[in-house]
Amino acid sequence: MSGPDRPALPVVIVGGLHADARRAAVARLLADVPGSVVLHHDLATAAAGTVVRTVRDATGILSAGEAPLVNDCACCALREDLVPELERLAESGGTPLAVVELWDSVEPKAMAEVVTAGGFTVTGVITAVDPALVLPYLGNGDDLAEGGLAAAATDQRTVADTFARQLEYAPVLALADSLPGSAAADDEDRELLAQLHPTARRVPIGHGDGPAGTPTAPSELARAALAGFDVEAAAAAQHPACALLPAEADAHGVATLVWHRRRPFHPERLYAALEDLTCAAARSRGRFWLAGKADTLLHWDAAGGALCVESAGPWLASLPDAAWELVPPVRRAAAALDWHPEHGDRCQHLVFTSPGLDRDGLEGLLESCLLTDAEYAAGQAAWERLSPAFDTLLEV
């Protein structure tokens, strides 16, 4: 059974590298939504050639099975197995909520899109977080493979960048602040989390809001799981051209610097400063403009002392008018809000968040990487002749 005749099955996705926090969040949902079930694919078994699938409810495991790897990729096996398993749950009927508990390094964005493409309604995406571990994970530049957390043989992600994307994609953060054996979070930990994702709904993993044992009084977490989720809007909020980046902030020893300029970077000076800029903050991201590459919007994404720079397509100012109709409305709206009469949407918009941030030093370093007045006045033709040092990073 599929399509409109299939019984409705709301799906909430719960992920995060903080495994203990994730399990606590899932247990809370099972307790608060009677009859709900959890679907989990364990990618740790990939070395044996399979991914182990379990379905469980509040009483224990209901069923278990295996899915073979696809092209030596555990995450690909998860993608192919997930929707058919949800279809089986839907067809059996009587399930008020399916909780898809992602394995450690699986990112919620891809899975939310898979579930939606499969015809299901994602009612919530939650990343479970232990606030005391936010800074240690953001500072961990180890490859996932080193810790047995890679989702495929070709997985080159790090702990830091994976955790950052898990954190920033989810509109709901489930906070496990007092897990057994975990260090207690302090004001700096909580402030760092708030500045990294200021628009997130931060929900403690606690007990239901009503009297003990009252099934009609679900916790705030259960309500958040059913609140609704827009996959397209969530994707747009992550695109560097229109991302909802953090705002300026400074509290409890944590600061966020928002740096916005209308002059392009000098490619050679920026390249020489990359290491210092990357290590200046626990997390930095945004979009930037490089002299000599007037058509290319470049994405800045740094965590754990490592930087990823890649093309995110063209600046809208470089497109012919006829092509604008092909651009998503949210992208056009974002550009219109920040349009310059000469440069259009081309700009530097970088955000740095960290405890102990040296704002003055960082701003000075960034300013030194821009074109000087004389270089800027020389114009586009002269910019095209500047050193192509940055091209080695862009692999062009």
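**Notebook: a walk through the model**

I began with the lining of the largest pocket, where α5 gives the largest share, 5 residues. A reminder to myself: this is a predicted model.

**Entry: the pocket**

I looked up the volume of the largest pocket and found about 670 Å³. I then asked which residues lie nearest its centre. They are Glu107, Lys109, Arg165, His299 and Asp301, out of 34 residues that line the pocket. Next I noted which elements give two or more residues to this lining: the helices α2 (74–92), α3 (108–117) and α5 (159–169), together with the strands β11 (283–288), β12 (296–303) and β13 (306–314). Sorted by class, the lining has 16 nonpolar, 11 charged and 7 polar residues.

**Entry: helix α1**

I turned to helix α1, which covers residues 19–32.

**Entry: two aspartates and their partners**

I picked aspartate 32 out of helix α1. Its relative accessible area is 8%, so it counts as buried, the cut-off being under 20%. Its side chain makes a polar contact of 2.5 Å with the side chain of serine 219.

Aspartate 104 sits in the loop between β5 (98–101) and α3. Is aspartate 104 buried or exposed? It is buried, with a relative accessible area of 15%.

**Entry: cysteines**

I searched for disulfides and found 0. For cysteine 279, the nearest cysteine sulfur belongs to cysteine 369 and is 14 Å away. A disulfide needs the two sulfur atoms within 2.5 Å, so cysteine 279 is in none. For cysteine 347, the nearest cysteine sulfur is that of cysteine 242, 12 Å away, and cysteine 347 is in no disulfide either. I also checked where these two stand: cysteine 279 counts as exposed at 53% relative accessibility, whereas cysteine 347 counts as buried at 0%.

**Entry: positive phi**

I kept in mind that most residues other than glycine have a negative phi. Aspartate 72, which is not a glycine, has a positive phi of about 60°. I located aspartate 72 in the loop between β4 (60–68) and α2. Histidine 252 also has a positive phi, near 50°. Where is histidine 252 found? I found it in the loop between β9 (249–251) and β10 (254–261). At 49% relative accessibility, histidine 252 counts as partly exposed.

**Entry: along strand β10**

My last stop was arginine 261, which is placed in strand β10. Arginine 261 counts as partly exposed, with 26% relative accessibility. I compared its position with that of alanine 249, 12 residues apart from it along the chain: their C-alpha atoms are separated by 19 Å.

Terms used: Residues are numbered from 1 along each chain as its sequence is written. This is a predicted model: local features need pLDDT of at least 70, side-chain atom pairs count only at pLDDT 80 or more; totals for chains, interfaces and linings use all residues. Side-chain values use heavy atoms; hydrogens and water are left out. Helices (H or I, at least four residues) and strands (E, at least two) are DSSP runs, numbered from the N terminus. The expected span of a helix is 1.5 Å times one less than its number of residues. Buried means under 20% relative accessible area, exposed over 50%, partly exposed in between (1.4 Å probe, protein chains only). A polar contact is a pair of N or O atoms within 3.5 Å; within protein, one must be able to donate a hydrogen and the other to accept it, and residues adjacent in sequence count only if both atoms are side-chain atoms. On a 1 Å grid over the protein atoms alone, a cavity is a set of points where a 1.4 Å probe fits but cannot get out, and a pocket is an open set with protein on both sides within 12 Å along at least five of seven lines; lining residues have an atom within 4 Å of a point. Grid points are joined across faces, edges and corners, and a volume is the space filled by probe spheres set on the points. Ala, Val, Leu, Ile, Met, Phe, Trp, Tyr, Cys and Pro count as nonpolar, Asp, Glu, Lys and Arg as charged, and the others, Gly among them, as polar.
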